[in-house]
Amino acid sequence: MRIGFVGSGSMAGAIARGAAHSEAIDSLMFSDTGSGRAAALADELGGQSATNERIAAECDIVVLAVKPYAIREVCIALAPTIAERGGVCVASLAAGTPIDTLSAALGDVPIVRVMPNVNAQIGQSMSALCANKAASTTAASFTTNGTYLDAVRALMNAVGTTLVIDEDKFAVFSALAGCSPAWVFQIIEALARAGVKYGLSKSQATTIAAQAVAGSASLVLDRAEDGIVPAQLIDQVCSPGGTTIAGLLASEEAGLSNALVAAVDAAVQRDGELR
């Protein structure tokens with residue numbers, strides 16, 4: 001499978017580094033707008049620096065890793081080459097850009113819309129995918145009994161966990177997975193400051209809070225396999241009359257749950273405004 005990245009920013013680099021370890025990947029190509037990042041990634045991963053047109057002409061999956069404001073122009077420029085050769089799938093990372101918009105610029109080609117998050121940098125992304133006919137079109141040229149959607153999902157699985165969802169759920173997914181890392185960082189920072197208040201160094205407090213959050217998230221995922229939900233885990237931690245329940249009630253009184261729901265609401269609303 002030949003993968004080409006149109007755009008060589010941090011997300012393209014993270015995905016490419018994960019893909020480079022896959023036996024299913026035959027080659028990697030990268031392009032940029034003159035930043036030099038394409039050549040740097042090519043050198044690092046044993047790939048090639050190329051033009052957008054060459055990527056469209058030679059790669060099996062063309063990953064559009066450009067900013068949303070540039071996506072339409074890039075698609076229109078690549079459309080003739082993609083249409084002429086056939087047998088290619090376009091995977092778009094552009095936030096807020098639906099498949100209909102991509103199809104209007106690219107034509108009738110297999111398209112997979114992908115929404116990763118910043119944790120792809122360490123192989124821990126939560127990524128959503130949806131597709132047009134890519135979900136049912138067999139990619140016989142480079143995979144056995146698989147669709148283009150399967151191939152793109154395998155690519156994204158190299159940097160974390162994936163979920164195929166309906167496109168009308170992308171806005172809330174973006175809030176829950178794309179935006180929420182910033183809110184979690186904010187929570188860790190607030191907990192660390194509280195630790196400093198009581199005499200810990202900032203470094204110590206940050207390590208404690210970050211590991212507690214990481215471990216708690218891992219426990220939620222592990223116990224979910226047994227049908228246990230976060231509310232049940234909360235009950236396990238809260239001893240009657242103890243410190244945890246006192247802190248939990250205080251956080252609720254201060255509006256923690258409402259603040260997080262409000263953050264999701266604001267992100268979903270803004271997503272709609274940006275379309």
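This is a predicted model: local features need pLDDT of at least 70, side-chain atom pairs count only at pLDDT 80 or more; totals for chains, interfaces and linings use all residues.
The protein chain contains 11 helices and eight strands. Its C-alpha trace extends over about 70 × 35 × 35 Å along the principal axes. Of the 275 residues in the protein chain, 37% are buried. When contacts between residues at least 6 apart in sequence are considered, 59% of them join residues at least 24 apart.

Two packed helices are described by the angle between their axes and by the distance between those axes. For helix α1 (residues 10-19) and helix α2 (residues 37-45), the angle is about 15° and the axes lie 11 Å apart. Angles under 35 degrees count as roughly parallel, and α1 and α2 are therefore assigned to that class. The crossing of α1 past α2 is right-handed. On the α1 side the contact is formed by Gly13, Ala16 and Arg17, and on the α2 side by Leu41, Glu44 and Leu45. By residue class, the contact of α1 with α2 comprises three nonpolar residues, one polar residue and two charged residues.

The second pair consists of helix α7 (residues 170-197) and helix α11 (residues 256-274), which pack at an angle of about 130° with an axis separation of 9 Å. The relation between α7 and α11 is therefore oblique. As α7 passes α11, the crossing is right-handed. From α7, the residues Ala171, Val172, Ala175, Leu176, Cys179, Trp183 and Ile187 take part, and they meet Leu260, Ala263, Val264, Ala267, Val268 and Asp271 of α11. The contact of α7 with α11 divides into 12 nonpolar residues and one charged residue, with no polar residue.

Ala19 belongs to helix α1. With a relative accessibility of 1%, Ala19 counts as buried, the cut-off being under 20% relative accessible area. When residues up to four places away in sequence are not counted, Ala19 touches Ile25, Leu155 and Ala158. The C-alpha atoms of Ala19 and Ala50 are 18 Å apart in space, with the two residues 31 apart in sequence.

Thr97 is located in the loop that runs between β5 (89-92) and α5 (99-106). Its relative accessible area is 7%, so Thr97 is buried. Apart from neighbours within four places in sequence, Thr97 is in contact with Pro68, Ile71, Leu102 and Arg113.

Ala134 is also a loop residue, placed between β7 (125-131) and α6 (148-157). Ala134 has a relative accessibility of 0% and therefore counts as buried. Its contacts, with neighbours within four places in sequence left aside, are Cys89, Pro110, Ile111, Val112, Thr147, Tyr148 and Leu149. Between Ala134 and Val109, 25 residues apart in sequence, the C-alpha to C-alpha distance is 7.9 Å.

Key. Residues are numbered from 1 along each chain as its sequence is written. Side-chain values use heavy atoms; hydrogens and water are left out. Axes are lines fitted to C-alpha atoms, for helices over the stretch in contact, and angles run from 0 to 180 degrees between N-to-C directions. Helices (H or I, at least four residues) and strands (E, at least two) are DSSP runs, numbered from the N terminus. Angles under 35 degrees count as roughly parallel, over 145 as roughly antiparallel, 65 to 115 as roughly perpendicular and the rest as oblique. A crossing is left-handed if the near helix is turned anticlockwise from the far one by less than a right angle, and right-handed if clockwise. Contact means heavy atoms within 4.5 Å. Ala, Val, Leu, Ile, Met, Phe, Trp, Tyr, Cys and Pro count as nonpolar, Asp, Glu, Lys and Arg as charged, and the others, Gly among them, as polar. Buried means under 20% relative accessible area, exposed over 50%, partly exposed in between (1.4 Å probe, protein chains only).
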